[in-house]
Amino acid sequence: MAVALPESDHGTNAPDRTSVRSILLPLDGTELSKVAIPVALGLAQLYQATLHVIYAGAERIAPETKLAQLGVEWKELPGAVVDQAVGSPPEAILSAEQALPSPLIVMCTHTGSTPMPHGFGSVTEELLAKNPERLVLVAPEHSRATFQISKIVLAHDGTPAADCAIAPTAQLAALARASVTAIHVAAPCEGAPQQSGSLPAPRYVDQPQHEWPSWTAEFSARMQAMGAPASALKFKLLVKGGQAGSEIALLANKEKADLVVMGNPANWQCSRRSLTRVVIQTSGCPVLLVCAHRSKQSVN
Amino acid sequence: MDYEIDPRWLLVEDGFVLPREHEVESLFTVGNGATGTRGSLEEGSDFSAPATFVAGVFLHPEPPGAVPELMTFPNWAGMKVWVNGSMLSMKEGDVLEHRRILDLKHAILHREWRQSDPNGRITRFRSLRVASLADRRLLLQQVLLTAENYCMSLTIESSIELEPGLELPAGWNHESRAECPNLFPLTLRLSEGKAAAEFCIASQVLPLEAHRVERRVEVQARRLVESYRIQAGAGAQCEFRRFVSVSRVGGNEYAPRAEVHARAAVSAGISPAVAAHKTEWQARWQAADVLVDGDEPLQKALRFTAYHLISAGNPEDSHSSIAARAMTGHAYKGHVFWDTEIYMLPFFTLTHPATARALLEYRYHTLPAAREKACKAGYRGAMYAWESADTGEEVTPAVAITPMGEVLPVRNGEMEVHITADIAYGIWQYWKATGDDGFLLNFGAEIILEAARFWAGRGNLEADGLYHIRHVIGPDEYHEDVDDNAFTNLMAAWNLRRAAKIASLLENRWSDRWSDLRDRLHLTASEVSLWPKLADVMASGFNSESLLFEQFTGYFSKEQIDLSKFEPRSASVDLILGHERVQQTNIVKQADVLMAIYLLWDELRPEVRKANFLYYEPRTAHGSSLSPSIHALLAARLGEIKLAQRYLQQSAEIDLSNNMGNAAGGVHAAAIGGLWQAVVFGFAGLQRCSETVMLSPNLLPHWRQISFPMQWRDNNLYISIQHESLKVKAAGPDSIQVLLANGPPLHASPDRSYVTVREQDGWAEWQEN
């Protein structure tokens with residue numbers, strides 16, 4: 001008898017999103033593309049991962065001249081592997097992502113002087129549409145000389161799709177000894193999520209003295225079951241009312257967060273797109289997007 | 001292990017969605033009023049919260065400010081299975097089939113699971129779990145394991161942590177117990193050393209074919225472990241059975257002792273026990289099953305409702321009551337609220353009066369604590385706790401710590417005083433429906449009188465000539481510390497009048513009892529005569545021009561907020577706007593004035609009911625799960641059918657929707673009680689009049705028929721309503737009168753059926769069917 005296990009990438013064959021062995025740093029020779037370098041270096045160090053500089057061009061260039069063309073000195077990228085692909089940049093980045101072990105892409109949101117109206121460059125847009133598994137986007141205005149993580153904001157909308165961000169957050173927090181503030185935003189004019197197993201902010205708070213501790217415990221327990229930080233780490237849950245994107249960004253700025261982590265909807269064209277854009281553009285720090293893979297199991 | 005095949009009787013969870021597990025455990029709880037066991041997976045998961053609760057057994061934590069909570073008992077239904085040394089788990093290998101089925105008809109939790117381990121060994125696991133309704137001390141589990149394609153080599157292990165307070169009998173030595181089954185008699189002691197519960201776990205493996213079975217019992221570092229190693233041929237099946245006897249020690253008689261009881265249960269076998277359990281449930285369904293033809297989701301929700309209410313009540317125990325989440329989860333700590341009397345009690349009153357009586361007797365047994373609370377607050381009479389546990393003392397937590405970073409003082413225990421009138425109301429309704437004079441004389445009257453005495457002191461007769469009750473919280477808990485909350489004052493007035501009526505009734509009909517009560521309570525004629533006078537001048541906020549009750553003094557001047565601007569909305573409005581902000585607005589948390597309209601329906605003119613519904617309904621945010629059902633009920637009664645349908649659906653989905661996580665902490669016992677009331681009192685339009693019942697149906701267009709049984713004063717009625725006809729079947733010792741809105745009354749003789757059909761302006765004369 002065949003049976004479908006609805007949305008059961010939990011606890012069975014879920015992909016391991018915690019370890020990172022390859023950091024992919026796409027550069028295109030512009031100054032803007034270089035704002036991602038400190039972040040890539042910091043993450044490579046944290047994960048003990050290999051840094052891969054990716055450049056896509058029409059022709060192959062010798063590695064020794066490539067860095068110079070990209071406007072980067074070798075001192076800036078110690079130990080980095082310099083990769084080159086022929087073809088369009090998004091395809092090159094994605095094929096490198098697929099070829100390299102446990103990859104994480106780190107890049108600037110746009111490198112052209114005139115980004116598209118919503119603030120992202122065309123490469124970023126195309127990449128997002130293809131759902132890379134893990135992608136750190138750095139807005140140029142949030143560039144820093146060095147990148148260290150001591151505070152992480154984890155955005156969680158209560159749906160199982162957002163769970164994919166939990167374990168990577170936990171691992172980063174453990175590696176960096178960072179504190180984690182998980183934020184859940186209850187937005188007006190937003191109906192109940194459709195996904196089975198969701199836990200949005202409660203609609204019914206019969207008795208706050210019971211409902212909130214109970215809901216908080218449930219939310220935290222779910223996060224812990226999905227790999228949230230162990231109790232030794234500083235972890236707190238915050239619930240806010242308002243517009244999700246701006247509340248997440250507000251918290252990240254208020255807490256001077258070093259990184260925001262959030263699940264990226266499998267379908268980039270969905271309504272969460274604008275929320276994600278707001279967070280990336282206004283959080284004041286890089287944003288790690290973890291793709292919510294939806295592996296529906298059907299077995300005989 | 002067969003179960004009911006009609007899907008309308010089944011709650012099914014296919015597959016396994018880890019984040020939903022706590023919800024599923026709550027929904028699939030098996031209970032019998034004495035115990036509740038969450039429907040956790042036997043082997044557990046990364047997100048399991050197994051728990052068994054025993055009614056009335058509370059842990060009283062030491063730290064100041066901590067409040068009692070229902071204790072969690074050892075996980076009697078847990079077990080691990082090893083297949084050739086590898087643990088049987090959904091995480092290892094492939095899940096070929098996994099389904100949990102709660103057979104609501106027979107109150108049996110089934111599980112069907114086929115798992116292929118990483119080496120291709122396929123094991124079939126089938127289990128059932130029962131909290132016996134025939135013998136409330138008995139819990140049963142049966143597991144059938146089949147080695148489908150390999151030579152059986154299984155180890156079954158279960159263990160119990162002997163945590164502080166949980167102990168085996170002195171001198172108990174497992175090595176001296178070579179008997180089969182394994183029997184573990186355990187006592188749970190509270191910190192002060194007092195025994196709280198006794199239980200005995202007995203388990204056995206039954207080789208159905210030629211098996212080699214090795215049994216082992218060990219006590220390792222305060223962990224009691226029993227294991228069975230089973231070897232047999234390919235395709236073999238083995239059966240694991242567990243019988244658990246559990247009972248609270250203290251308030252009630254307990255005999256025989258747990259070990260004797262468990263041993264007898266083992267000896268009798270599982271089939272007779274399950275059969276007896278099914279028979280009890282059959283009887284309960286005959287008295288409680290509401291049928292809705294033409295609405296399958298609602299039908300299932302109604303059965304889910306009745307299942308959990310029946311599972312929560314215990315007519316044999318008058319020392320505990322049904323908590324906000326019954327015994328299905330940890331939330332609300334097992335505390336008892338007004339939910340019981342206002343939302344759940346009507347179901348029991350009309351379907352199983354013995355359980356209703358036991359619930360009300362709990363309030364009698366906690367009357368001393370209510371008196372003490374009143375006394376401490378400077379009042380006479382009885383002031384019931386907003387939250388109550390085993391003793392009836394106030395156990396409302398002092399603060400609410402929210403994930404919004406707020407620490408809110410909780411003043412409900414001090415101010416949400418309407419619960420005292422709510423309890424009195426429940427008693428009156430019970431007595432009216434059952435005619436249980438013995439209860440009224442021995443328990444109920446005293447509570448109503450003491451409650452009235454409290455109300456006579458809680459307010460003040462002020463210069464305007466009105467009796468004001470200040471500094472209260474009504475059901476609309478968004479507005480705290482208000483004056484003259486309409487619900488509170490109307491219910492208080494009702495309580496005062498009813499107490500005076502009862503005093504008069506007792507004096508005239510049961511003078512001995514009245515003398516006894518009057519002397520014991522030091523009641524004077526002047527005190528009793530004051531009560532209706534105070535009721536008559538109670539400030540109610542009623543405006544005779546607008547026909548509106550002002551919810552509390554100053555409500556009408558609050559900032560007006562259009563709630564529709566926040567729709568669609570899945571979060572509570574106080575979260576979106578903020579706690580402080582909501583208090584400044586006219587947003588109502590839940591039925592408040594409208595709750596009074598419902599409860600005091602007969603005392604209010606139709607135009608008053610309608611005007612208040614139309615005014616307050618759009619201003620109510622339904623921030624409580626108690627709200628949608630009452631709005632469905634009122635909308636149905638008032639003919640607002642579209643609204644009624646919307647609220648009914650919202651009410652039915654509170655626990656059963658799978659995308660809100662509502663039930664993770666337990667089933668909303670009051671909300672499901674409200675759903676039952678919405679259908680029976682709203683859509684069927686049943687009203688409990690002074691001596692009889694009245695029907696005023698308003699069916700949803702897509703329903704073909706609703707029918708339901710009910711008890712009224714030792715008589716059984718079975719009512720079937722279609723759009724164009726209405727049938728009543730009576731059974732019992734007496735003739736019974738049934739009134740019909742816009743129709744002729746029926747004098748139904750015992751064991752006769754009657755029918756009437758709709759006419760242009762009402763209903764035709766009744767015909768014997």
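**View 1. The contact between chain A and chain B.** In this predicted model, 50 residues of chain A are in contact with 54 residues of chain B, where contact means that the C-beta atoms of two residues, placed from the backbone, lie within 7 Å. Helix α6 (208–225) of chain A is among the elements that give two or more residues to this side of chain A, and α6(A) gives the most, with 11 residues. By class, the side of chain A that touches chain B has 26 nonpolar, 16 polar and eight charged residues (Ala, Val, Leu, Ile, Met, Phe, Trp, Tyr, Cys and Pro count as nonpolar, Asp, Glu, Lys and Arg as charged, and the others, Gly among them, as polar). Residues are numbered from 1 along each chain as its sequence is written, and chains are lettered from A in the order in which they are written. Local features need pLDDT of at least 70, and side-chain atom pairs count only at pLDDT 80 or more, whereas totals for chains, interfaces and linings use all residues.

**View 2. Helices α3 and α4 of chain A.** Helix α3 (residues 89–99) of chain A packs against helix α4 (residues 122–129) of chain A at an angle of about 45°, with the axes 9 Å apart. Pro89(A), Pro90(A), Ile93(A) and Leu94(A) in α3(A) meet Val123(A), Glu126(A) and Leu127(A) in α4(A). The residues of this contact divide into six nonpolar, no polar and one charged.

**View 3. Helices α9 and α11 of chain B.** Helix α9 (residues 418–434) of chain B and helix α11 (residues 486–509) of chain B cross at roughly 45°, and their axes come within 9 Å. Among the residues that make the contact are Tyr425(B) and Trp428(B) of α9(B), together with Met491(B) and Trp494(B) of α11(B).

Notes
Axes fitted to C-alpha atoms, helices over the stretch in contact; angles between N-to-C directions. Helix = DSSP H or I, 4+ residues; strand = E, 2+ residues; numbered from the N terminus.
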